[in-house]
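These are my notebook entries on one chain. I set down below what I looked up, entry by entry.

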Amino acid sequence: MDSALNSGDTAWILISAALVLLMTPGLALFYGGMVRAKSVLNMMMMSFGALALIGVLWVLYGYSIAFGDDVGAGLLGNPFEYFGLSGMLGEDTSAAYPVMAFVAFQAVFAIITVALISGAIADRARFGAWMVFAGVWATLVYFPVAHWVFAFDGDDVVGGWIANDLLALDFAGGTAVHINAGAAGLALALVLGKRRGFGREPMRPHNLPLVMLGAGLLWFGWFGFNAGSALSAGNTAAIAFVNTIVATSAAILGWLLTEKIRDGHATSLGGASGAVAGLVAITPACNAVSPAMAIVLGAVAGVLCALAVGLKYKLGYDDSLDVVGVHLVGGLWGTIAIGFLGSATTPAGVDGLFFGGGVDQLWRQVVGALAVLVFSFVLTWVIATVIQKTMGFRLPEDDEVAGIDQAEHAESGYDWGTLTAGGGRVAGSPARPIDARHSTGNSEVSA
């Protein structure tokens with residue numbers, strides 16, 4: 001039989017996977033610029049650590065848990081069915097694209113979901129404990145939730161309950177990625193507690209150009225995230241692409257307008273954060289709403305998330321880089337908004353409440369969103385608490401004050417001695433990282 005392989009679709013999936021992979025270094029820059037100077041390397045290492053670890057776990061058993069044949073109630077795929085991917089190297093002549101292309105595409109989703117969580121615990125988490133958490137969390141939380149949301153029933157496989165029984169729509173990961181990571185970030189922030197000086201000392205971003213560069217790379221990579229989820233280079237991908245442009249643009253405007261009205265000025269940090277909020281919100285809905293409704297969805301996301309990031313000060317939890325305010329709130333809004341703004345004229349083919357569809361799709365979206373939120377929050381709380389009580393998750397206070405980069409990595413993001421007048425060194429002498437205890441003044445003021 002002639003092969004049904006479509007080289008164009010295969011190329012699009014592989015390119016999209018590469019785009020999504022770029023999002024993790026982009027996230028490292030985005031998060032790295034948002035922390036104080038004494039924490040920039042650790043913040044970026046948390047993303048790169050997740051990239052390294054989850055890539056390995058995905059090949060060993062993560063893909064199998066997420067996309068293996070269901071072992072009961074739509075909750076979990078068989079972890080041994082595709083263990084190590086050794087049985088998946090042959091070409092399926094009836095498929096439009098190689099299964100390994102899909103494996104690669106989904107791998108980078110798993111990687112960035114874990115990396116997103118790290119922003120909630122900036123400045124205060126031991127790197128080794130973070131790596132242990134990342135592996136356990138991916139195994140017990142992300143891989144099963146990916147099965148719930150992304151594994152559809154096939155000819156010889158039974159998939160997850162949200163995709164096949166609840167029939168909630170999530171095109172590219174509003175639940176599995178953003179609500180999942182946001183709820184985990186909230187649980188982690190509560191278990192680890194507040195940073196020293198939270199609410200009393202300035203903890204401003206130390207490098208806003210890095211933040212904006214990271215946001216730009218995230219937006220660029222997000223076209224692979226959303227349009228790539230069509231798994232073909234066709235109309236659905238094009239619609240998702242356009243919606244990803246326009247919702248993000250509207251979210252930036254919504255965030256900046258909120259800042260202007262509330263604070264009297266629009267900031268670069270607000271523009272970058274608004275872009276991410278719009279990207280998060282359109283992710284589940286990019287194949288389910290029209291471009292006009294994508295503008296509405298994005299604008300509301302910008303306003304909601306701009307307001308939500310201030311909740312940590314009112315409620316007293318230290319979500320360092322606003323993972324809760326942007327990813328949890330934005331993910332909830334984008335997922336539930338399908339039940340209001342969805343249109344049967346789109347590839348998803350479902351009308352929301354505002355287009356005559358009643359509440360049928362709305363309740364499905366709410367149930368799916370809340371199920372992932374509760375599951376992720378509870379399991380994350382348990383995992384983090386066990387790690388904290390055994391190996392210790394929270395950095396010692398003295399190391400936090402001195403700077404986590406020096407304490408955990410014996411490095412500094414910036415060699416302050418050579419950046420200031422008279423701070424040069426004798427030619428040929430070895431470079432020596434500046435002791436963070438002597439540079440905390442610079443870090444605290446500028447960050």
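What percentage of the 447 residues in the chain is buried? I began with this point and found that buried residues make up 55% of the chain. I note at the outset that the model is predicted.

**Entry 1: the whole chain**

I looked up the secondary structure and found 17 helices and zero strands. The radius of gyration is 22 Å, close to the 22 Å that the globule rule gives for 447 residues, so I record the chain as being as compact as a globular protein of that length. I took the extents of the C-alpha trace along its principal axes as about 75 × 55 × 40 Å.

I then turned to contacts between residues at least 6 apart in sequence; 77% of these join residues at least 24 apart. For the surface, I noted that the chain exposes about 17200 Å², of which carbon and sulfur atoms supply 66%. I also looked up the charges: there are 19 positive and 31 negative ones, and their mean positions lie 19 Å apart.

I checked the length of helix H10, which covers residues 291-308. Its 18 residues should span 26 Å at 1.5 Å a residue, and the end C-alpha atoms are 25 Å apart, which agrees. I listed the buried residues of H10, among them Met-293, Leu-297, Ala-301 and Cys-305. Ala-294, Gly-298, Gly-302 and Ala-306 are also buried there. I recall as background that an α-helix has 3.6 residues a turn, so residues three or four places apart point the same way.

Which helices do the buried residues of H10 pack against? I found H8 (235-263), H9 (268-282), H11 (311-315) and H12 (323-341).

I followed H12 next. It has 19 residues and reaches 25 Å from its first C-alpha to its last, close to the expected 27 Å. I counted 15 of those 19 residues as buried, so H12 is largely enclosed by the rest of the structure.

**Entry 2: two residues with positive phi**

I looked up Ala-73, whose phi is near 65 degrees, a positive value in a residue other than glycine. Ala-73 sits in the loop between helix H2 (40-67) and helix H3 (99-117).

Asp-123 is not a glycine either, yet it has a positive phi of about 80 degrees. I placed Asp-123 in the loop between H3 and helix H4 (127-150).

Are these two residues buried or exposed? Ala-73 counts as exposed because its relative accessibility is 62%, whereas Asp-123, at 4%, counts as buried.

I located Asn-42 in helix H2 and found it buried, with a relative accessible area of 1%. Leaving out residues up to four places away in sequence, I recorded that Asn-42 touches Ala-125, Phe-127, Ile-404, Asp-405, Glu-408 and His-409.

Ile-245 belongs to helix H8. I noted a relative accessible area of 37%, so Ile-245 is partly exposed. With the same exclusion of sequence neighbours up to four places away, Ile-245 touches Trp-219 and Phe-223.

How far apart in space are Ile-245 and Gly-316, C-alpha to C-alpha? I read 35 Å for this pair, which is 71 residues apart in sequence.

Definitions and conventions
Residues are numbered from 1 along each chain as its sequence is written. This is a predicted model: local features need pLDDT of at least 70, side-chain atom pairs count only at pLDDT 80 or more; totals for chains, interfaces and linings use all residues. Side-chain values use heavy atoms; hydrogens and water are left out. Helices (H or I, at least four residues) and strands (E, at least two) are DSSP runs, numbered from the N terminus. The radius of gyration is taken over C-alpha atoms; the globule rule is 2.2 Å times the number of residues to the power 0.38. Buried means under 20% relative accessible area, exposed over 50%, partly exposed in between (1.4 Å probe, protein chains only). Contact means heavy atoms within 4.5 Å. Accessible areas come from the Shrake-Rupley method with a 1.4 Å probe; for residues, only the protein chains shown count as cover. Lys and Arg count as positive and Asp and Glu as negative; His and the chain ends are not counted. The place of a charge is taken as NZ of Lys, CZ of Arg, CG of Asp or CD of Glu. The expected span of a helix is 1.5 Å times one less than its number of residues.
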